[in-house]
Amino acid sequence: LASTMTKQQANWSPYDNNGGTCVAIAGADYCVIAADTRMSTGYSILTRDYSKICKLADKCVMASSGFQADVKALQKVLSARHLIYQHQHNKQMSCPAMGQLLSNTLYYKRFFPYYSFNVLGGLDTEGKGCVYTYDAVGSYERVGYSSQGSGATLITPFLDNQLKSPSPLLLPAKDAVTPLSETEAIDLVKTCFASATERDIYTGDKLEIVVLNADGIRREYMELRKD
Amino acid sequence: MKLLDSTDSGNSSSIERTQYPYVTGTSVIGIKYKDGILMAADMGASYGSTLRYKSVERVKPVGKHSLIGASGEISDFQEILRSLDELILYDNMWDDGNSLGPKEVHNYLTRMMYNRRNKFDPLWNSLVLGGVKNGQKYLGMVSMIGVHFEDNHVATGFGNHLARPILRDEWHENLTFEDGVKLLEKCMRVLLYRDRSAVNKLQIAKITEEGVTVSQPYALKTFWNFNAFQNPTAGAEGSW
């Protein structure tokens, strides 16, 4: 009788990791958000030209890596919610507001999570750069810079070293936005990805960089190693 | 196999979910070429390790502007075709001069696959969706858990491992129809040699602004006359 009563095992997983890495760096009056454009599954590459970056509002851009179907669904939900906000309030959502919305949306699926690792970048209500970093179920924090995804373990220590982030334990609380100029920050991001591409098999092909500042939004690309 | 839920008191309500596929098709390959999209799939459907059905059309037109190719569970593909039929029907009933293009159909399929995955009852297919509308070529893919993307060339299953590398090397913009077919045949031949669920009977479908053409089934020429295959027992003679 025991043979007919064993608990059935799942033979398919509702999740997959499509890889990739995201980085965001906040400056005094700009924000740089970057992600590679490789989409993988297992040891195969599905496509080399896939954007992980989504503009949610005029001053708010999100980059996400993880399970692509969940990422896309999340982007869709947030874009739709932003449209409703615009209809109701006749204005764009601020980056901190979108930050909270993203956290709540992720926690809403706490018991069947969006397998999506996000960094939210943009300008806050004062025009200063802001970066929010998330885990898959919505815990978030405003930081001066962040990295998520398969290459995050390689990039974060490097950013810690280069951006000399003050300890969050200090009082009075020191601002975490970097004093680097926009061009220096972009260069730093390019270096991060070039290094991560060397050692992380899921990172590579092409780097997409989005820059948000008072003049608006700008996009840049850089080739990465394709192996 | 039925999954009993907590409200089950014996034999009343029981949730059935897809556990494994039964009758499956193997790879589908799609490429963009000068005038539109070319898609190839063999006509086999396996029942486990048996090559059970050998005349299954796995590439079908959808509306005026799209082609769909499916690998995976054939019954789920038939269900998808039924849903797409309904979708196109309602689109036509508007009679407003507008028709759903490949981008829209791909999005519909993606939502369908993702929502089934959310209910833990997936449609066990990997779909290729290609088409042309107003001169714009489109080629995309959706998997059974909703992972989707578009590219200049796509392939499902074994095709991803065996055909994509060939396509990455030899595909280029503005392939002629003849070159496109040759390229697809090259990929299908490799799959025929190396995929045990492939059968030597395939169809190549073409979609352009003008419309859809699905070729008659035909077979690829294969070569087995290698020296190593002659006198296979040469190094270790047996009794026969």
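Q: What makes the length of helix 1 of chain B close to what is expected?
A: In this predicted model, helix 1 of chain B (residues 74-93) has 20 residues and reaches 28 Å from its first C-alpha to its last. The expected span is 1.5 Å times one less than the number of residues, and for this helix 28 Å is expected. Helices here are DSSP runs of H or I with at least four residues, strands are E runs of at least two, and both are numbered from the N terminus.

Q: Why are the buried residues of helix 1 of chain B said to line one face?
A: Buried means under 20% relative accessible area and exposed over 50%, with partly exposed in between (1.4 Å probe, protein chains only). The buried residues of helix 1 of chain B include Phe77(B), Ile80(B), Leu84(B) and Leu87(B). Seen down the axis, the buried residues fall within an arc of 165 degrees, so they line one face of the helix; the arc is that of the directions from the helix axis to the C-beta atoms. The face turned away from the buried side carries the exposed residues Gln78(B), Asp85(B) and Met93(B).

Q: What follows just after helix 1 of chain B?
A: Asp95(B), just after this helix, takes a positive phi of about 50 degrees.

Q: How do you know which residues and values count?
A: Local features need pLDDT of at least 70 and side-chain atom pairs 80 or more, while totals for chains, interfaces and linings use all residues. Residues are numbered from 1 along each chain as its sequence is written, chains are lettered from A in the order in which they are written, and side-chain values use heavy atoms, without hydrogens and water.
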